[in-house]
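Hello,

Here is the structure I promised to pass on to you. Have a look at it first, and then read on for what I found in it.

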Amino acid sequence: AREQVAFYLAAGPERDDAQASVSVLRRRGWRELLAGTRDAIRSLEQTTGSDTLDRLINQNLLFAYFYAVGRALDDAHYYLMRTRIPWHGAGVTVRDWEALMWTVPAVQLADPPLARELILRACELHGYAPGRGVHYLDGTLFEPGFSLEGAASYPLAVERYIRETGDERIVDEPVLADTLYVAHDELSDRRAKDWPLYSTEVGPSGAPIPYPYPLHGNAVAAQ
């Protein structure tokens, strides 16, 4: 004879919250929960016509969706981060370029409303110092070091979002306007006096660069 056993686990700020969630899970039943989870994951998957490319895109999309974005238990807000994997040494930190040019575009493929919220959330938490360095997920500065790519990632992320979704109303958000002005000022301050080039301190990975006017950073800034 075969028997099936289901374990229901929940977390919450208080014990009562977790117990209430477990009660709901039990009421719905594991079969309904499993089917709903499978359907939700399938709805995120993208198709290009190439199995190899689909596998690569969906692996990165699902990682971005489930590991590079988290929703806090205490305030229910979304947070961008490098990874939610607990054993990663830099998991609770954020680099503008990675968050806005890697994570947000991946999420945008499957969930444009969430991508919109993440862009605005990035502006709210990190837009006071675009490109200035690595931040903790709550916006506190972790490691200073100006990056051209980081400062430019804010207008680029907004431009890509508008182009692919047609949602121009995002520019009416005050926090977005404030961030774009700050990003523009940061880039303007880095422009050389005698050449149309912009200087930086670190590359997209955070590593110091040997020359102040990098090709990649200036190509990004030129957009």
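**A helix pair and its surroundings**

Helices α3 and α4 are roughly perpendicular to each other. Their axes come within 8 Å and cross at roughly 105°, and an angle from 65 to 115 degrees counts as roughly perpendicular. On the α3 side the meeting residues are Ile57, Asn60, Leu61, Ala64 and Tyr65, and on the α4 side they are Thr103, Ala106, Val107, Leu109 and Ala110. By type, the residues of this contact divide into eight nonpolar and two polar, with no charged residue.

Before going further, a word on confidence: this is a predicted model. The mean pLDDT of the protein chain is 92, and 100% of its residues reach 70 or more. Confidence is highest in helix α5 (residues 112-126), at a mean of 96. At the other end, helix α8 (residues 215-222) has the lowest confidence in the chain, at a mean of 90.

**The chain as a whole**

How many helices and strands does the protein chain have? There are eight helices and five strands, and read along the sequence they follow the pattern α-α-α-β-β-β-α-α-β-β-α-α-α. The C-alpha trace spans about 80 × 45 × 35 Å along its principal axes. Of the 223 residues, 38% count as buried. If you look at contacts with a separation of 6 or more, residues 24 or more positions apart account for 52% of them.

Arg82 sits in the loop between β2 (78-80) and β3 (93-94). This arginine is partly exposed, as its relative accessible area is 23%. The side chains of Arg82 and Glu98 are joined by a polar contact of 3.4 Å. Leaving aside neighbours within four places in sequence, Arg82 is in contact with Phe63, Ala68, Ala90, Gly91, Thr93, Arg95, Glu98 and Val134.

With a relative accessibility of 38%, Ala76 counts as partly exposed.

Beyond its neighbours within four places in sequence, Asn58 is in contact with Leu44, Glu45 and Gln46.

Asn218 belongs to helix α8, the helix where confidence is lowest, at a mean of 90. Asn218 is buried, with a relative accessible area of 11%. Which residues does Asn218 contact once its neighbours within four places in sequence are left aside? They are Leu148, Pro196, Leu197, Tyr198 and Tyr213.

I would be glad to hear what you think.

Best wishes

Conventions: Residues are numbered from 1 along each chain as its sequence is written. Side-chain values use heavy atoms; hydrogens and water are left out. Axes are lines fitted to C-alpha atoms, for helices over the stretch in contact, and angles run from 0 to 180 degrees between N-to-C directions. Helices (H or I, at least four residues) and strands (E, at least two) are DSSP runs, numbered from the N terminus. Angles under 35 degrees count as roughly parallel, over 145 as roughly antiparallel, 65 to 115 as roughly perpendicular and the rest as oblique. Contact means heavy atoms within 4.5 Å. Ala, Val, Leu, Ile, Met, Phe, Trp, Tyr, Cys and Pro count as nonpolar, Asp, Glu, Lys and Arg as charged, and the others, Gly among them, as polar. pLDDT is the predictor's confidence in each residue, from 0 to 100. Buried means under 20% relative accessible area, exposed over 50%, partly exposed in between (1.4 Å probe, protein chains only). A polar contact is a pair of N or O atoms within 3.5 Å; within protein, one must be able to donate a hydrogen and the other to accept it, and residues adjacent in sequence count only if both atoms are side-chain atoms.
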